[in-house]
Amino acid sequence: MTVDVDRIAQLSKLEILPEQKSRFEKQMNEIVEMADILLAVDEQDADIEQHFADLRQDIVTQSCMTQQSVANNAPSFKNGCFCVPKTVE
Amino acid sequence: MELFEYKAFELAQMLTDKQISSSELVSAFINRINTVDKKLNAFITKCFDDALEQARIIDQKRVSGANLPLIAGIPIGIKDNISVKGLKMTCGSKMLENYVAPYDAAVIEKLRQSGGIMLGKLNMDEFAMGSSNQTSYFGACRDPYDTSKVSGGSSGGCAAAVSAGEAACALGSDTGGSIRQPSAFCGTVGFKPTYGTVSRYGLTAFASSFDQIGTVCKCVKDTAMLFDVISDKDHRDSTSVDKKYNCYNSLCSDAYGLKIGVPRELFESVSHPDIIDSFNRSVNLFKDTGAQIIDISIENTKLALAAYYVISSAEASSNLGRFDGVRFGYRAKDCKDINDIFIRSRTQGFGDECKRRIMLGTFVLSAGFYDDYYKKALAAAKMITKRLDSLFEQVDIIALPTSPETAFAVGDKLDDPVKMYQSDVFTVFANIAGIPAISVPCGVDKNGLPIGLQLMSKRFDEQVLLNAAYAFESAFEGIPKPRL
Amino acid sequence: MSQYHTVIGLETHAELNTKTKIFCGCKNEFGSKSNTNVCPVCLGLPGALPVLNRSVVEYAVRMGLALNCTINGVSHMDRKNYFYPDLPKAYQISQSFVPICENGFVEFWYDGQVRRVRIERIHIEEDAGKLVHAGDRAEETYIDLNRCGVPLIEIVSKPDLRSSGEAYAYLKTLKAILAYLGICDCQMQEGSIRCDVNVSVNKEGEALGTRCEMKNVNSFSAVSRAIDYESDRQTELLKSGESIHQQTFRWDDIKGKNYLMRSKENADDYRYFPEPDIPSVFISESDINKLAETIPELPNAKMIRYVTEYGLDTKEAEYIAFDQSLSQFFDECINTHKYPAKSYCSWIMGELAKHLNASQKGLSQTRLTSAMLNDLLDAVNSNVISNSAAKSVFEVLLEKGGEVDSIIAELGLAQISDTKTLESIAKQVIDNNEKTVQDYHSGRSNALGFLIGQCMKHSNNKANPVKVKEILLTLLG
């Protein structure tokens with residue numbers, strides 16, 4: 001199964017430069033070939049003990065974050081908000 | 001003997017007996033780091049001032065007669081994917097080069113409560129993806145036994161630091177062998193507990209179903225001491241289980257009657273003769289202690305590797321989506337629109353291995369391939385787990401080499417991912433099944449490079465596992481210290 | 001007669017009004033200062049993990065029960081992966097494979113009959129943040145993540161709706177049910193309820209057409225307009241022999257047009273997979289039964305009952321049924337069996353509605369009880385007071401409550417119905433208005449009205465106008 005590197009890169013929001021593309025393609029295909037052994041697996045229902053999620057009580061807890069601490073790591077923060085170039089929805 | 005050469009439990013005794021102060025101890029480690037780290041590159045961030053301040057506080061408490069936990073005053077290193085409030089957390093990546101963690105991970109809260117002292121953040125493969133520590137944006141980490149060789153990864157900084165005496169012990173993370181393999185390379189004891197016993201809150205996620213925080217220490221006693229501190233139920237982690245351990249006080253080196261399963265057919269793939277030799281000698285040592293050796297068959301090694309890589313890449317591709325240049329982390333310059341920010345920040349911020357795994361993960365989850373790869377990988381993982389569970393009905397412990405090789409040269413294998421992935425062949429089982437596993441030094445190869453013996457037990461059987469490791473360690477003559 | 005049929009399916013997102021967000025303990029609150037109601041979990045910071053809020057599960061189950069769904073005792077959370085600036089983790093935690101509720105239906109009164117729309121599923125998921133555009137000429141977009149992690153239920157209908165009017169009725173029904181259950185504050189202007197609208201058109205007798213989607217339509221009337229627009233657009237295309245491509249649009253309600261967001265070729269691949277950070281969600285049979293007990297008779301069922309059993313018209317039935325306190329009051333009145341439903345209805349739709357509208361209050365903030373209304377109707381029926389006097393008494397009942405008799409006495413509103421008294425007034429009026437009497441006898445139609453008016457005036461408006469008329473007619477001969 002060959003990997004469509006362009007489409008995958010697009011979905012992953014990554015750009016693979018032309019000079020890297022054939023190397024990436026080769027490596028990805030080798031890895032996928034290694035994974036092809038899975039195709040023969042029979043999916044009979046393996047029942048392992050099911051662990052259920054512990055649900056949280058609907059009680060407010062104090063957050064460790066303030067607007068300032070949010071801003072501290074932000075690449076661009078103005079008027080209390082993160083900033084990006086104009087995004088058309 | 002230098003202070004940094006002692007084991008943590010020995011230092012704990014010395015502190016309790018007031019033979020040394022924590023300030024002296026921390027200073028000794030700081031000096032050691034300043035002396036050797038330029039050769040090793042184990043530390044990404046150092047927080048020496050803070051460490052000395054913490055040491056001073058601990059010393060004061062001791063002077064005023066307070067009864068302190070064993071770990072109080074002990075200098076510890078933290079892998080740089082665990083959140084420590086106020087310190088940079090880079091995950092070994094350009095993407096988070098300047099990210100300052102705004103909160104403490106659950107394990108860090110526990111360390112602080114018990115008085116453990118953090119010396120700094122340790123080097124790692126980028127976002128924990130790798131088995132050599134060469135993918136770190138901050139440069140490779142080196143093996144103290146031979147600094148031309150890799151430390152192993154992804155918790156390379158942890159293993160190198162503990163091995164070289166730069167920290168008494170360290171907290172790392174293990175997703176496919178990331179604590180055990182570098183421990184084998186650097187001659188330390190690397191332990192991955194049962195999935196769910198240590199909270200993942202504050203651990204940067206790589207593969208959520210496999211990630212566990214674990215310990216890198218000089219010996220099994222230290223391992224038990226540190227594990228007891230960090231293990232506990234945490235309501236902030238939905239996968240956390242309700243089990244509190246007290247392994248240190250119940251540690252016992254009697255292996256008489258212990259049933260040890262050895263899956264011989266797995267070693268067909270091992271080409272390194274020293275590894276087979278040292279493994280066989282270790283098995284014989286166990287026999288001498290009275291343990292019973294039983295031949296078992298695990299089967300499906302290739303399947304395990306494939307399942308591991310498919311599941312872990314899939315989860316990683318999703319977990320790394322949040323690094324998009326918008327709210328924190330690296331943002332590329334002069335972006336014209338939001339798509340530009342996404343693509344250029346991620347392309348510039350991530351290294352090749354990360355990109356490869358993200359793309360592989362995106363591929364196996366994508367429409368048309370999900371059923372073939374991801375769903376089948378989940379089924380394979382269940383199969384392997386069931387197989388191991390049934391084996392543990394016959395044996396208490398499964399023993400095998402930690403790694404099919406010893407530390408290799410820096411620069412090797414960078415361009416052959418499949419080859420690199422195959423070195424995880426012995427470690428991925430424990431992550432897939434969520435069982436505890438530990439690597440203890442069991443010899444050195446012809447070149448003096450350490451070799452690790454890996455022991456695994458069934459889920460929640462940490463006491464049995466640590467006892468077995470302790471029994472081996474007590475019977476084994478040990479390996480030489482690294483000469484730096 | 002149009003040969004083309006419109007088929008509509010709606011995906012309705014409702015924000016649940018739990019105290020905290022779905023996966024963290026941050027307050028679930030609208031209108032806080034930007035980026036102040038956040039924590040590592042809803043910000044998607046490295047190392048943060050989601051923990052599911054029990055109330056979200058319970059609210060979703062109650063909605064599922066209200067919509068006659070099968071409740072899945074074991075359901076799963078899944079990740080929906082895509083990149084967008086309002087989505088901090090680059091994935092939304094939702095339910096794709098096994099939702100908490102499925103295969104239900106909702107019945108509501110529309111166009112003179114009971115209509116049934118099947119519900120495909122209800123699932124729980126988290127809301128994303130908000131993009132704030134600083135105007136057309138701004139270079140930047142601002143992002144506020146306060147809304148990240150607000151719990152949502154998504155109610156997916158099967159394509160059973162056939163017109164924009166029906167879709168509107170369906171949505172109003174869902175909103176009324178949400179309000180009855182108390183699980184959503186239904187503040188449309190705050191975006192509590194949002195719809196994605198799917199429309200297809202097919203020629204009569206043919207298979208379902210290709211559907212197009214319009215995203216994030218924020219009011220019910222906008223949904224209605226969007227459906228009409230899209231239905232027209234597709235019909236026109238089909239009429240001219242063209243085919244419909246599967247497309248996703250953004251509906252602009254101000255311009256009244258659709259704008260293309262993406263075609264099938266550019267469609268996102270969400271790469272759904274099970275959320276590894278959250279184990280399976282379990283709710284026991286007994287917990288489900290306990291929740292079922294908390295569900296009252298629902299507004300859609302009430303509305304159907306009011307129309308079919310009591311003969312209320314659609315507008316009246318909806319007005320009363322869709323307001324929990326009004327319908328409770330109405331049902332109480334009916335259960336006293338004293339007066340016909342229509343009588344109670346006319347007071348509710350008339351004086352009560354006027355008062356509630358003017359005071360911007362709900363019924364529960366007035367002092368009115370069903371017993372008081374019955375007493376008032378008794379007084380009117382037995383001619384103790386006139387209809388217009390009754391309105392004054394009603395005002396007092398609303399504001400202060402009390403005994404109807406005492407209020408009538410206090411305000412001196414008792415009607416004069418005594419024949420002798422009325423005869424004497426009438427005689428006086430006749431005597432004083434010779435000309436009008438003559439006009440009456442010559443057939444002037446408004447002469448009688450004038451005389452009645454004069455009698456009312458002489459009695460300070462207390463005379464029983466019906467009796468006055470009777471007496472005048474008798475006296476005038």
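User: Is C:His337 buried or exposed?
Analyst: C:His337 is exposed, because its relative accessible area is 66%. The cut-offs are under 20% for buried, over 50% for exposed and partly exposed in between, with a 1.4 Å probe and protein chains only. This is a predicted model, in which local features need pLDDT of at least 70 and side-chain atom pairs count only at pLDDT 80 or more, while totals for chains, interfaces and linings use all residues.

User: Where does C:His337 lie?
Analyst: In chain C, the loop between α8 and α9 holds C:His337. Helices (H or I, at least four residues) and strands (E, at least two) are DSSP runs, numbered from the N terminus. Residues are numbered from 1 along each chain as its sequence is written, chains are lettered from A and ligands numbered from 1 in the order in which they are written, and side-chain values use heavy atoms, with hydrogens and water left out.

User: What about phi in C:His337?
Analyst: The phi of C:His337 is positive, about 55 degrees, although the residue is not a glycine. B:Asp334 also has a positive phi, about 50 degrees, and is not a glycine either.

User: And where is B:Asp334?
Analyst: B:Asp334 sits in chain B, in the loop between α9 (301-319) and α10 (338-349). B:Asp334 counts as exposed because its relative accessibility is 74%.

User: OK, salt bridges. How many over all chains?
Analyst: The count is 49 salt bridges over all chains. A salt bridge here is a side-chain nitrogen of Lys or Arg within 4 Å of a carboxyl oxygen of Asp or Glu.

User: Why can such side chains pair?
Analyst: Side chains of opposite charge can pair when their charged atoms come close.

User: Which residue meets C:Glu126 in a salt bridge?
Analyst: C:Lys89 does, at 2.9 Å from N to O. The two are 37 residues apart and link distant parts of the chain, with C:Glu126 in strand β7 (residues 113-126) and C:Lys89 in the loop between β4 (78-81) and β5 (91-94) of chain C.

User: Are C:Glu126 and C:Lys89 buried or exposed?
Analyst: Both C:Glu126 and C:Lys89 are buried.

User: And what does C:Arg116 pair with in a salt bridge?
Analyst: C:Arg116 pairs with C:Glu107, at 3.0 Å from N to O. C:Glu107 counts as partly exposed because its relative accessibility is 28%, and C:Arg116 is partly exposed with a relative accessible area of 42%.

User: Which residue forms a salt bridge with C:Asp378?
Analyst: C:Lys338 is the partner of C:Asp378, with the closest N and O atoms 3.0 Å apart. This pair links distant parts of the chain, 40 residues apart: C:Asp378 is in helix α10 (residues 370-381) of chain C, and C:Lys338 is in the loop between α8 (324-335) and α9 (341-359). C:Asp378 counts as partly exposed at 25% relative accessibility, and C:Lys338 counts as partly exposed at 44%.

User: Which residues do salt bridges that share partners join into one network?
Analyst: The network consists of B:Arg200, B:Asp237, C:Arg79, C:Glu275 and C:Asp277, joined by salt bridges that share partners.

User: New topic. How many disulfides over all chains?
Analyst: The count is 0 disulfides over all chains. A disulfide is a pair of cysteine sulfur atoms within 2.5 Å.

User: Where is the cis peptide bond in B:Gly153's stretch, and what is omega?
Analyst: The cis peptide bond joins B:Gly153 and B:Ser154, with omega of about 10 degrees. B:Ser154 belongs to the loop between β5 (146-150) and α5 (156-163) of chain B.

User: Last one. Where is B:Ile311 found?
Analyst: B:Ile311 is in helix α9 of chain B and is buried, with a relative accessible area of 2%. Its C-alpha atom is separated by 37 Å from that of B:Lys446, 135 residues apart along the chain.
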